[in-house]
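Please look over the model below before reading on. Some questions and answers come after it.

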Amino acid sequence: MTALKQTITSVIYQLYANALLKGLLLALSAYLLTATLTPSTLIPILAGLLGFSAGLLVTKIYQDKKPQAISLIHQRVDDAEYSLHLLDKPTLNIAEQLQLERLGERVQQVKMPALVWSSLGLYGVMLLASLAVHFAFPLLQTSPQPPKQQADMAVSAADEKPAVPVFRSATLAIRPPAYTQLPERRSSDLNATALSGSGLQWQVQFSHSRQLIVRLANSRGDELPFTKTGDRFTYSDRLVTSGLYAIKAYYQDSLVYQSDFYRLEAQPDLAPKIEPDSKELYRYHALKDPKTISIAAHISDDFRVSQAFIVATLARGSGENVKFREVRFPVGPANFKDARITKSLDLKALNFAPGDELYYYWAAMDNRQPEPNFSKSDTYFIVYRDTTKVDEAELATMAVNIMPEYFRSQRQIIIDTEKLIAKRNKIAQKTFNSTSNEIGYDQKLLRLRYGQYLGEEFENSIGGHALPDNDEGDMLDGYMHKHDKEGEEHDHHAAEPQHNHAHNDHKAGSENEDPLAALMEQYVHSHDNGEVNTFYEQSTRSLLKMALEQMWQSELHLRLYEPEKALPFEKKALEYLKSAQQKARSFVKKTGFDPPPIKEKEKRLTGELKNMNPGYKQERMYDQPRVVQLVGDVLGYLELNSLNPAQQRQVQQLSALLTDQVMNSRLTNWSVLGSLQKLASGNALPVAEKRQLKTKLYALTGYSGRTGTQSYASDRKLERVFWGKLK
Amino acid sequence: MIKLTVNWSETSTLFTLLALAALLLMQIWLISRNRMIPGRRKGVRLVLNLVLWLLLAGFVLQARWTVSSGTTHALLAGDDVPRSYLRQVRDSLSVRETYTPDDVKTGQFDGQRFDQVTLIGQNIDAETLSRLSRQQLRWFPYYAPDQIQDIHWKGVVRKGDRQRISGRIRSSKQQWLKVNYGNRTLDSLELPAGNTAFTLQFPAFSTGRTVTELVLDQQVVDTLHFFTQRAEPLRYQFILGSPDFESKTLADWLGKQGHSVQVQATLSKNISSSLHINSKAGKPDIVITDPDHAGHPVVKRAIADGKSVLFINLAEPEANSIAINRALGSTWKLRRVSSEQTVSIGNGLQALPYTIAGALNQVPIPGYPAAVQQMGGKVGLSLVSETFPLRLGGDSIAYDRIWTTILNPLRPSQQNNVQVEAPLFAGLATSLRINNPATPVAAVRIAADTVAVLPSPLNERTFRTRYRLAQPGWHRWQDTLEVYAEAGNRPASVYQPTLISRYIAAHTRYPVPATAVAPWADKKVPGWVWLMLFLMVFTALWVEPKIG
């Protein structure tokens, strides 16, 4: 009985398992088929579920499987005689019980077939078919769009399908020199402004780095390679000078990336700055001044001042015997940035004595490495005045300070006199007189001056002055020469020397001299006689003397307020002076080689022309692109929507040419280069940038003002006639 | 005679009339059936309702009648014209009737009534103008203050040649008018208040398309497009007695400018030296020489061929100028201005102490003691003594400026000069001229067309044609040139006047035979009268029950 029931239950379970198995197979088939056809994952799962539920529907798993199981047992067990329904009966009669027992025995004898695997063949075939489709489909298909997984695999596996690397990022690390104690900077802005000597490190990253070469290019086209570290490229260098650079990347020998031009600006580490308090460079020290001098200075540096000191030099002695002694005083604290330093110089300790000079200057060094910057202040002088000595220079100045005596020329005196005569009626008598007197005085000065040349030392001995024969005569007589006597006296003065020194003893007039005296005169060396001791030869001297005579006369008349009368004498005096000057000149005939005259017509252009090239010819070509020309062209390209490669090349050329100019102009115009670089790489410029570029480039065109012509041709004959008649 | 403006053929009209009739019947029926009011008031109300109905019928039918009008002259004013100006014109012309372009388009303007129309202002569109084909037209333009009028410039200019912008303006105040490129001012002019004609000029400096801006008192008033033709390099020849540093430096500079230079110096009998830079075959365009070589055959031939000669390095200016005059037939006259050896002309430059007494056929070169005399060719005379120190001193910009300024006016007329007067407007025909073509031309290619050209009757070296560019923007001309066509809507102060004047010119050229005009005018009740009447009747209808 129980065995029977167990059998039935087992069959039922087997039926359920079979149904489930069928559902699963269907689900798997559906999943595989759809997964083959669609790349998504959701759709195959949905399809699988659908297949599963379809399988359940087909096998009717939701139904009670007992009747089916009973009918199956009826079929399998030969003499079950369709009596298994008896099991459902609540009360059984004996026959029925017997039948059931019999059945139980029979069932135990009969081996029930494994129903789980029954009729799975069709589903198995379906699964196999879908598997076959799943694996065969990609092989059959020459689809342009392979499944995603496979594409990824292809990329990662080999270079069958080359992908051009794309620029991802670039950073620049600036490491200032250690002594500056400035922090290291790292930024993606590739324009660098840093202290000269800073370490620079570029890191560039591309989408991949296989077969990729990255280089740093300067504006002249020189290139430096980056080193590859992992998937990045790095380049390190030290900043020395300013310049422009760009980063270029080559992939399989072709340029795949070029950055804009960036600028590198090297800022120098400045030398320490010294500002002494005292502006006075030169000062004197007197005996009673204090013996310590307090000096101060403000010293600063952009980083640190490593040391500051004063160098003092003491100079002692004079002339060739000067000794120097140099002393160096360290001042202030070491390693400061900014300080005001005071120092008192003890002159006593320096042994500063009268007549000595002390020079000193401030000096400072900063902490720059490897070589520190050094700077020093102006040199200050302290001079200890030696009051015991008189400076030669002072004497010289004294001499120079004396004003030279002022006197007028004879010509000037004539001019003044004429002027005075002309003004006679216009000015007061008193003024007239005083002016006349003044001119007379000038005349006197001039006379004295010329008298000196003649060796006359005293006023009274100068020129035509002869004392009257006797003292009781008219005193004025000596001053008042009679006109009629003039010539006579001239002759007399010119002919014979006088003895003016001894005029008290001798008679002045030569006519009255006794013969003895005249005789003596030839033997006596009269050294005090100016007449003899001049350098002039006789005739010149006599001429000068005659001139002095005339001056006397003119002075006389001037002092008597009679300029009209004085004028002829003045003129005469000038005449004599001039002729004396002429006489004093000597002429020497030159000697030397006197070449024979050249016969020009015969000689001209007849030189030997052996090594001469008669038809000198030279050919030159300037084929370098000119900035002016390129600027004009590029200005035209600014209005185009896009540039062709030739035009881009021209822009590039201009950019290269301008780079040097920009470098020389200390990078003020580097925005022009940036804009040109953009243009050259085929990018459109924003309006403001274009305007800026136009403005800057226009300055380079070489045109200005309102000039310019119009090119127009007309009939030449008509034109010539027109312009010819237009007069 | 009263006319009705009702279109009887339309069914809607019939329905409207039927509705009117029904309304009348309903009004009468409603009043007559009302028992509440006494008979006398019923009569009053009936009358009022009848009046309302008549009014309504009259409004719907829009009765018109003709009256005799004394005038056949009307004004047509664009909407840009201010009222005061319009009144002024109306008073001075004693024309009563004024219309707007909208009136013409909506049919309010009766074309049959007027045989003379005076247009005022420029905001009158082509459609309006085309409706005035029968009338005799006159036009008074109206320009607002500070509006650019009648502006012209060269559409195509050769590099280095003068670009000239001329026009007129009614300036509201004293202000500056500038032509700018980028942020650079190329030329400027101070305008006084009032009507002024202006001319701005500058040498063309770029190659290709160039866009400059006209700026009035820091306000961009117009954008000028022109095309700059590439300047062909010239052939220079130096003829010298002995090579000197000035001419050597100049030759070198010219060579670096891309020109072809030949320096020929006769040092002695049978001995000469020659230097060729960028040598190119052909006769020289400009000969540079000293006065001793004024009679040189090359110099004389250059003048005869219409080329140019420049004399530099004058030793004795007076004698030299006489020698030049004798050799070439020029009329130079020099006047000594200083007893010094040289006079300074600024920028570290020295010049001979003479001035050139001008003549009508001599053009002085601004800024330098130099001038150019027009003859068959051009003869230039420069009194600048030495310029090479500038170049040696590194002031290449100043050197460039001096020689560009002096040599530019000496450039002989070149080939293939294109003359296009800008602004060109898309849709309007423009005259295009080619002067001195390299080979005689029969046709030119513009945009996608080939256009036949005709020789000018005045100058056999000039060929001309008329062409209408269809689209605004840049258009290709032959292979290397381009012309710019302005869009019709911009700049309005220039386009509209051009359009109207063209229309009027065409109108007077092809007159429509005059027909007799009936001096009658249609009148109808104006809208405001209708409104008043309706208001009055409705008020009466509202008030009547209240009065009882």
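Residues are numbered from 1 along each chain as its sequence is written, and chains are lettered from A and ligands numbered from 1 in the order in which they are written. In this predicted model local features need pLDDT of at least 70 and side-chain atom pairs count only at pLDDT 80 or more, while totals for chains, interfaces and linings use all residues.

Q: How many residues of chain B are in contact with chain A?
A: Two residues are in contact if their C-beta atoms, placed from the backbone, lie within 7 Å. On the chain A side, 47 residues take part. Their partners in chain B number 61 residues.

Q: Which residue of S17(B) is the bridge partner of A:Gln618?
A: Strands are DSSP runs of E, at least two residues, and helices are runs of H or I, at least four, both numbered from the N terminus. Two strands pair if DSSP finds at least two bridges between them. S20(A) and S17(B), residues 271-277, pair in the parallel sense over 6 bridges. In S17(B), the partner of A:Gln618 is B:Leu275.

Q: How far apart are the end C-alpha atoms of helix H2 of chain B?
A: The expected span of a helix is 1.5 Å times one less than its number of residues. H2(B) covers residues 39-61, so its 23 residues should span 33 Å. The distance in the model agrees, at 32 Å.
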